[in-house]
Amino acid sequence: ISTCDLSVSYLEMAGQMVLLGGGLGLTTAPATDSIMGVVRPEQAGAGSAVNDATRQIGGTLGVAVIGSVFSTLYIR
């Protein structure tokens, strides 16, 4: 996706998005299962909250780091 420009077709972009979404879908469920599999049933709410918080923090940091890298590359 990072190499796309205005001349890329909708079909090519949609194919890349399907691959990206499929990869995320295939990794999200096992990651959640591994986190929730180690907590006791009475702690399921806390485990779910930790799972959601780590996913949000990871996404935020990922966007910040990638944004900083691309900003640095764009300025040069």
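This briefing describes the fold, the helix packing and a few individual residues of the chain shown above. The structure is a predicted model, and every value below was computed from it. The secondary structure of the chain consists of two helices, with zero strands, and because its radius of gyration of 17 Å is well over the 11 Å that the globule rule gives for 76 residues, the chain is more spread out than a compact globule.

**Overall shape and surface**

- Taken along the principal axes, the box filled by the C-alpha atoms of the chain is roughly 55 × 30 × 15 Å.
- Of the 76 residues in the chain, 3% count as buried, a class that requires a relative accessible area under 20%.

**Packing of the two helices**

- Helix H1 covers residues 10-36 and helix H2 covers residues 44-75; the two pack with their axes 9 Å apart, at an angle of about 140°.
- Because angles count as roughly antiparallel over 145 degrees, H1 and H2 are described as oblique to each other.
- The crossing that H1 and H2 make is right-handed.

**The salt bridge**

- With a side-chain nitrogen of Lys or Arg required to lie within 4 Å of a carboxyl oxygen of Asp or Glu, the count for this model comes to one salt bridge.
- The partners are Arg 40 and Glu 42, whose closest N and O atoms are 2.9 Å apart.
- Glu 42 has a relative accessibility of 58% and therefore counts as exposed, the cut-off for that class being over 50%.

- Thr 60 has its place in helix H2, and because its relative accessibility is 53%, Thr 60 counts as exposed.
- Between Thr 60 and Asp 33, which are 27 residues apart along the chain, the C-alpha atoms are separated by 22 Å.
- Ala 64 likewise has its place in helix H2, but Ala 64 counts as partly exposed, because its relative accessibility is 41% and this class lies between the buried limit of 20% and the exposed limit of 50%.
- Ala 64 and Met 36 are 28 residues apart along the chain, and the separation between their C-alpha atoms is 28 Å.

Terms used:
Residues are numbered from 1 along each chain as its sequence is written. This is a predicted model: local features need pLDDT of at least 70, side-chain atom pairs count only at pLDDT 80 or more; totals for chains, interfaces and linings use all residues. Side-chain values use heavy atoms; hydrogens and water are left out. Buried means under 20% relative accessible area, exposed over 50%, partly exposed in between (1.4 Å probe, protein chains only). Helices (H or I, at least four residues) and strands (E, at least two) are DSSP runs, numbered from the N terminus. The radius of gyration is taken over C-alpha atoms; the globule rule is 2.2 Å times the number of residues to the power 0.38. Axes are lines fitted to C-alpha atoms, for helices over the stretch in contact, and angles run from 0 to 180 degrees between N-to-C directions. Angles under 35 degrees count as roughly parallel, over 145 as roughly antiparallel, 65 to 115 as roughly perpendicular and the rest as oblique. A crossing is left-handed if the near helix is turned anticlockwise from the far one by less than a right angle, and right-handed if clockwise.
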